[in-house]
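Could you open the model alongside my notes and follow the points below?

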Amino acid sequence: MDSPALTQLFRQLFRHPACQSIRRPPSLLSRPQSRSFLTRRGPVKRKQQDDVQMWTKRGDYPKDIDEEYRKYPTVTAKELRNRRERPRQVKMLTREFIDDSLYNPHYGYFSKHATIFSPGEPFQFNSIEDGPAFHKLLGDRYTEFEDKLDATNPDIARQLWHTPTELFRPYYGETIARYLVSNYKLTLYPYHDLIIYEMGAGNGTMMLNILDFIRDTDHEVYQRTKFKIIEISPALADLQFKNLTDKLTAKGHRDRVEIVNRSIFDWDTYVHSPCFFLALEVFDNFGHDTIRYQNGTEAPQQGGVLIDAEGEFHEYFNNQLDPVAARFMRVRQAAARRPFPSPLGPPLLRGLRSAAPFQKEYTLPEYIPTRLMQFFDVLNQYFPAHRLISSDFSSLPDAVPGINAPVVQTRYQRTTVPVTTPFVHQGYFDIFFPTDFNVVEDMYRAITGKLTQVTSHEEFVHRWAYIEDTETRSGENPLLSWYKNASMLMTV
Ligand SMILES: C[S@@+](CC[C@H](N)C(=O)[O-])C[C@H]1O[C@@H](n2cnc3c(N)ncnc32)[C@H](O)[C@@H]1O
């Protein structure tokens, strides 16, 4: 990492209080941060005009940004795609800032620092003593994996993820494959081929494990199977192709696989055939918008960030919701079958809350999954006969303040450093959200008109896995006991 960037990173880091946080659970691999930094938030300033813009200086000293707010253009992540430098003198909605920070091809977190851990040889769970012994072994493999990467490509800001696909390979892939083949045979076979799309395939391990399983257990279905990956990251798309062609056991799959290096949000091909659509741990990085409410009137405001000439971030709120956020609010209101959490609190208590003394003028923000709504639009428009199988975190510990708020963290020299806002140096921080499966299920149903089922990760693997494959000698089973905070949404 170049030193101005490092300086900038630490200026950003030290401006915000650190919180105890954890990367993708289970937590033990990342050392929790125990320092806490003192921070002062600048005063909130209000303009007089009708289309009031509220801004908050998230720094040590107040700075008036009224003039900049008027002058600077509002830009989107798409408009910044071809820029090599992080933007200055612009405004961005929260979802656009998050997308740019994570996915910009030049400085985005996905293109620079994100690496998905692979354990090398699969773990032999039946010969591991117990849960703690598995943890220890995983820690050792983690270090080995990173040492190897550092030997050829040192990166002090590397982010390492571990996903169930990798930790429990090939068993987790086989679990999903069992679900796919059973459902295919029940409803589509022999009239249709088995077509599987996977959005965000990481190292390509799920694809290989599914295809190996089908080839080894049902040759007839294998002959009719096609697997298509839609992957935003050029580096991961290359790695998926390499893993497909390098591995001896995978060579035969080559003709069944297509890897499309594109964001799902740029998809423009109509797929009329029935297909299964996998999305495993992809929703969590989708951009969200911020909405806060005026206590009393309950009027919503949409959040964004202004980046000044020095590259400093200033969060602002606007009374006008943009069309995407406004549509989310309408669809959620119309679709919700149950009450959903709001920063205003439960409807019955709102009157009492707003009458309370020392009430703040505005609530904390809620983070609304606007990109996820747009993903459902893509499914509805281009994959009308799809069946979704998705899994993600239903809750996350130590998120930044707000409802449905993300965890924002970086890793510096192998230590996790969490911060308290998503408005930090673009490209160095993972920003990942929990999914409110109740709300998201209702929105998916409303947009696609399909019926669904939500289960916990644990219920799903109980039903479809051969759980003895991942049992340790003591009887502890990490496939069941890890990822307790993950759920699955499926089309039925
Ligand atoms: C946390 S990884 C999960 C990888 C894999 N599904 C697993 O479980 O091991 C997220 C994956 O989604 C991809 N991704 C994120 N946003 C995407 C988008 N808009 N379109 C396509 N792929 C995306 C990332 O590049 C990455 O491969």
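1. The shell around the ligand draws at least two residues each from helix H7 (164-167) and strand E7 (225-231). Helices (H or I, at least four residues) and strands (E, at least two) are DSSP runs, numbered from the N terminus. Please keep in mind that this is a predicted model, where local features need pLDDT of at least 70, side-chain atom pairs count only at pLDDT 80 or more, and totals for chains, interfaces and linings use all residues. Residues are numbered from 1 along each chain as its sequence is written.

2. There are 22 residues around the ligand, with Thr163, Thr165, Gly200, Gly202 and Ile232 coming nearest. Here, a residue is near if its C-beta atom, placed from the backbone, lies within 6 Å of the molecule.

3. Now to helix H16 (residues 457-464), where His457, Phe460 and Val461 are buried, that is, 20 or more other C-beta atoms lie within 10 Å of their own, with C-beta atoms placed from the backbone. These three sit on the same side of H16 because they cover an arc of only 90 degrees around the axis, taken from the directions from the helix axis to the C-beta atoms.

4. An open sheet of three strands runs in the order E16-E15-E17, with antiparallel pairing; strands pair if DSSP finds at least two bridges between them. Strand E16 (415-419) and strand E17 (430-432) are the edges, each pairing on one side only. Strand E15 (residues 407-412) is joined to E17 by three bridges, and Gln409 stands opposite Asp430 in E17.

Conventions: A residue is buried if 20 or more other C-beta atoms lie within 10 Å of its own, exposed if 12 or fewer, and partly exposed in between; C-beta atoms are placed from the backbone.
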